[in-house]
Amino acid sequence: MGISLSHARYEKIKQIIVDLFVQYDIRCIPVSAFEVATKMGVPVIPYSAIPENKRYLLYKESEDGFVVEKAEGEWYIYYNDQKEYGRINNTIMHEIGHIVLDHSEDSELAEKEVKFFAKYALAPPVLIHKLGLKDALEVYEHFDISIEAARYAYEYYQKWLAFGGKDYTDYELRLLRLFDEAV
């Protein structure tokens, strides 16, 4: 069945995302992972910027993208710029998750955490709710993510609603204040 994250860990990751958005003044919908990376000082490099005779090494690492720490605290994100924008944005946010969550090695747990990190950062349920979005297509249109990511985000939103989502947490209230003009 795989590794599961505890409720406490999910909550901690949500708080980390809101703290990140506050720290870097991220307040626009759709959330741009490019903007987050730029404000963090993390270069974002498209595969097409690498000489063609070496590009196979990038694809060998990942079809979508990956992050590398070249020196202590000096991170670089590489991404496949042949993908559609929503997928690229998700990939970059996924890689930002590895940096922010301080993952030092690949593991099933690390991947579970960053998949959640990207999903929550790009389409937080509280913002879906505030915008009054009614289905995955509307999430796709507002948050500029892939349709697959929009389906996951909307399913997560429905679970969030079912388990008391309208009783906003402190970090959700902070997120709403931050995105006040966008919603």
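Tutor: Gladly. One cut-off to start with: contact means heavy atoms within 4.5 Å. The model is a predicted one. In it, helix α4 (residues 85–100) lies across β1, β2 and β3 and runs at about 155° to β3.

Student: What makes β1 and β2 the edge strands?

Tutor: The sheet is open, with three strands in the order β1-β3-β2 and mixed pairing. β1 (44–46) and β2 (65–71) each pair on one side only.

Student: How do you know that β1 and β3 count as paired?

Tutor: Pairing needs at least two bridges, and β1 and β3 (residues 74–79) have three, in the parallel sense. There, V44 stands opposite I77.

Student: Why is the contact of R9 and E113 called a salt bridge?

Tutor: The cut-off is 4 Å between a side-chain nitrogen of Lys or Arg and a carboxyl oxygen of Asp or Glu. R9 and E113 meet at 2.8 Å, N to O, so the pair qualifies. R9 lies in helix α1 (residues 7–23) and E113 in helix α5 (residues 108–122), so the pair ties together parts that are 104 residues apart in sequence.

Student: How many salt bridges does a search of the whole structure find?

Tutor: Seven. Elsewhere, D64, K83 and R87 are linked in a network of salt bridges.

Technical notes:
Residues numbered from 1 in each chain as written. Predicted model: local features only at pLDDT ≥ 70, side-chain atom pairs only at ≥ 80, totals over all residues. Heavy atoms only, no water. Helix = DSSP H or I, 4+ residues; strand = E, 2+ residues; numbered from the N terminus. Axes fitted to C-alpha atoms, helices over the stretch in contact; angles between N-to-C directions.
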